[in-house]
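Here are a few friendly notes to read alongside the model. Keep the picture open and look up each residue as you go.

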Amino acid sequence: MAIIKLSAIERRRLSAFVTCLVFAIFAWLFTTLSKPYKFTIKQVVSFRNAPQKRAFHPLQSDTVNAIVQGTGWQMLFSKFNEDKKVINVDLHTLETKNYVVLSSQLKQINAKKDVEHEIITVTPDTLFFDFSSRTVKRVPIELVTAIKYQKQFAQSDKVTIKPRYVTISGPAEVLARITSWRTDSIIMNGANEDFNSRVNVQGVKEGNLNVLPKSVMVTIPIDEYTEKTIEVPVKLVNNHNYYNIKVFPQKVKVTFTTSLGSYPDLNEDDFEAVADLDLWRHNGYSVLPVKITRQPSYSKVVKIIPQNIDFIIKK
């Protein structure tokens, strides 16, 4: 490939030409983008001053196309500015009508925006709503958690939520589908102590619903766990013919995990160990496996010794 060799004068001339070309392009861009333009921005509709005695349902999308007057620079940067893409629509007229005219609210809508982002027109200009009787319903709170505990730590008792219910008001057909209301997620890593905090309930996704309260007090007991072993008497079940039966041994050793707070209080009365005689009558078992049918909440059985017991039926 041939290489063009330029003299020092020619290189200076070429450098000057490129520099002038770049400046000319920037000057053209600056002049062009400084001119006024009308451009369209898709904006999300946010409702306020909703009627208290009428439940409503929008009959169109929750977005509108707003024609904005501004410079080319503003048109360019509007694509990156999400804060400017929400308009607040006042619904006070729905107390007597089933529609809202946006053009009549442009002055108050623009009052909350920068002068450079003034909205000229909105499409559609009229928002229509469907109405139904407003009803009230109480539903339980559904706690959403994503908790990872530190090693040897775990939840040690029931979760407390105050209040336990939220009150929802809205259209009867919408409320009929709601059986509970979720909280925001509680996310914890390496949890090793009680959680006590106020947690927000999730916001409404439909403008015709109202939920109270907006937050609840949540308590999650968390404690360190250790192992404990106790002897539990074995109870024989399904002795329908009332045989005189002797079991060996009469007690089994149950090893389980428990929180340090509950450790001193747990004894054999908190457990029930059973052996099923039907396994001998119907299946011919010569020994009976032991099962734990009652144990304290938040405790986990680790092992039972022995797992099977012998038995003698006295005639």
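1. By class, how many nonpolar, polar and charged residues does the lining of the second largest pocket have? There are four nonpolar, two polar and four charged residues. Here Ala, Val, Leu, Ile, Met, Phe, Trp, Tyr, Cys and Pro count as nonpolar, Asp, Glu, Lys and Arg as charged, and the others, Gly among them, as polar.

2. A word on the source: this is a predicted model, where local features need pLDDT of at least 70, side-chain atom pairs count only at pLDDT 80 or more, and totals for chains, interfaces and linings use all residues. Residues are numbered from 1 along each chain as its sequence is written, and side-chain values use heavy atoms, leaving out hydrogens and water.

3. Back to that pocket, whose volume is about 180 Å³. Its lining includes Val-174, Ile-178, Trp-181 and Leu-209, along with Arg-177, Arg-182, Lys-205 and Glu-206; Gln-202 and Gly-203 also line it. A pocket is an open set of points on a 1 Å grid over the protein atoms alone, where a 1.4 Å probe fits, with protein on both sides within 12 Å along at least five of seven lines; lining residues have an atom within 4 Å of a point. The volume is the space filled by probe spheres set on the points.

4. Next, find the open sheet of three strands, ordered E11-E17-E15 with antiparallel pairing. Strands E11 (160-162) and E15 (195-200) are at the edges with a single partner strand each, so one side of each has no neighbour in the sheet. Strands are DSSP runs (E, at least two residues) and helices are runs of H or I with at least four, numbered from the N terminus; two strands pair if DSSP finds at least two bridges between them.

5. E15 pairs with E17 (residues 215-220) over six bridges, in the antiparallel sense.

6. Is Val-136 buried or exposed? Val-136, in strand E8 (residues 134-142), counts as exposed because its relative accessibility is 61%. Buried means under 20% relative accessible area, exposed over 50%, and partly exposed in between (1.4 Å probe, protein chains only).

7. Finally, Leu-106 belongs to helix H3 (residues 106-111) and counts as buried at 14% relative accessibility. Not counting residues up to four places away in sequence, Leu-106 touches Ile-119, Ile-120 and Val-122, where contact means heavy atoms within 4.5 Å.
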